[in-house]
Amino acid sequence: MEHLQSHRAEMITIAVALVAVVGATAYYYYLTKKPKGCLDPQQFKEFKLVKRTQLSHNVAKFKFALPTPTSVLGLPIGQHMSCRGKDSLGDEVVKPYTPTTLDSDVGYFELVIKMYPQGRMSHHFREMCEGDYLAVKGPKGRFKYQPNQVRAFGMLAGGTGITPMFQVARAILENPDDKTIVHLIYANVTYEDILLKDELDNLASSFPNRFSVYYVLNQPPEGWEGGVGYVTKEMIQTVCPSPAPDIQILRCGPPLMNKAMAAHLDNLGYAAQMQFQF
Ligand SMILES: Cc1cc2nc3c(=O)[nH]c(=O)nc-3n(C[C@H](O)[C@H](O)[C@H](O)COP(=O)(O)OP(=O)(O)OC[C@H]3O[C@@H](n4cnc5c(N)ncnc54)[C@H](O)[C@@H]3O)c2cc1C
């Protein structure tokens with residue numbers, strides 16, 4: 001009888017321990033589980049345009065709602081998505097875009113789009129009205145980012161190539177555990193072409209020891225104090241971190257600029273693994 005009782009007590013102890021372990025595991029999983037993203041790499045999903053804000057004559061910010069107010073897009077930092085639309089002839093067109101928002105911006109994502117007069121996807125965005133849906137597929141891209149994976153980033157952006165840079169810079173600076181330093185050179189034709197200028201200047205004033213931006217213009221206005229002409233080797237040398245195993249220089253701009261920047265970086269001694277093109 002005594003033996004039976006002690007056996008029962010043992011069984012109860014084991015059962016309680018098992019319940020505790022399963023409960024603790026479930027609780028840990030609940031706490032650490034990342035919310036599921038809304039993108040599908042295999043098929044296009046539709047997102048509703050809830051706000052369109054014209055930023056200049058040919059640039060607008062498009063805010064899209066996610067399925068619920070607590071949903072996250074689920075796009076890894078520095079990656080992009082394919083957006084599908086119709087050009088002026090009604091033919092399908094698919095182009096890559098990087099949101100300026102992060103997964104910390106829950107319930108929505110935003111695209112800043114420059115619309116070119118002859119651009120095929122530009123036509124689609126120009127025609128989009130609040131309430132319309134955009135077909136999006138992703139994530140796409142080779143860029144992988146872990147906090148503190150490098151000591152410093154140099155960034156060489158041209159025109160709309162600023163969007164992946166802005167996203168990466170925001171992710172770094174808004175993470176208090178990330179100590180990475182970011183130096184950006186941002187090239188445009190005119191002052192009016194500079195995208196996200198207020199946001200970039202805000203980052204520079206909020207994080208003066210960790211983020212700097214140097215603007216370069218082909219056609220500067222009178223009294224311009226930034227760089228003039230194309231981005232030169234000397235500008236890269238002055239602004240960006242010197243070649244070292246723990247730095248990386250990111251490039252994103254029109255094809256001719258990317259080519260010129262790659263040649264400058266090679267000449268300055270940046271090894272292939274110190275360079276990345278979005
Ligand atoms: C990773 C990645 C992320 C991107 N993110 C963004 C983003 O967030 N916002 C954004 O607006 N764009 C972004 N782009 C650019 C975008 O993918 C398209 O190339 C752009 O919107 C033009 O497409 P389109 O079909 O309208 O023009 P197209 O039909 O391809 O081009 C028609 C004409 O438009 C002009 N044109 C097109 N692109 C450029 C250019 N870059 N510079 C100068 N003239 C040009 C040219 O005159 C060209 O002949 C990104 C590109 C990449 C690779």
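Q: Why is the ligand said to lie between domain 1 (45–139) and domain 2 (152–277)?
A: Both domains give residues to the shell around the ligand, so it lies between them. The domain bounds come from an automatic or database assignment. This is a predicted model: local features need pLDDT of at least 70, side-chain atom pairs count only at pLDDT 80 or more, and totals for chains, interfaces and linings use all residues. Residues are numbered from 1 along each chain as its sequence is written.

Q: Which of the 22 residues around the ligand come nearest?
A: Gly119, Met121, Ser122, Thr160 and Thr163 do. A residue is near a molecule if its C-beta atom, placed from the backbone, lies within 6 Å of it.

Q: Which elements each supply at least two residues of the shell around the ligand?
A: Strand 4 (92–97), strand 5 (108–114), helix 2 (120–127) and helix 3 (162–173). Helices (H or I, at least four residues) and strands (E, at least two) are DSSP runs, numbered from the N terminus.

Q: What makes strand 10 (227–228) and strand 12 (275–277) edge strands?
A: Six strands form an open, parallel sheet in the order 10-9-8-7-11-12. Strand 10 and strand 12 each pair on one side only.

Q: How do you know that strand 9 (residues 211–217) pairs with strand 10?
A: Pairing needs at least two bridges found by DSSP. Two bridges join strand 9 to strand 10, so the pair qualifies. Val216 stands opposite Gly227 in strand 10.

Q: What does the UniProt annotation covering residues 42–146 say?
A: The unreviewed entry reads "domain: FAD-binding FR-type". UniProt positions follow the numbering used here, feature names are shortened, and annotations may be inferred rather than shown by experiment.
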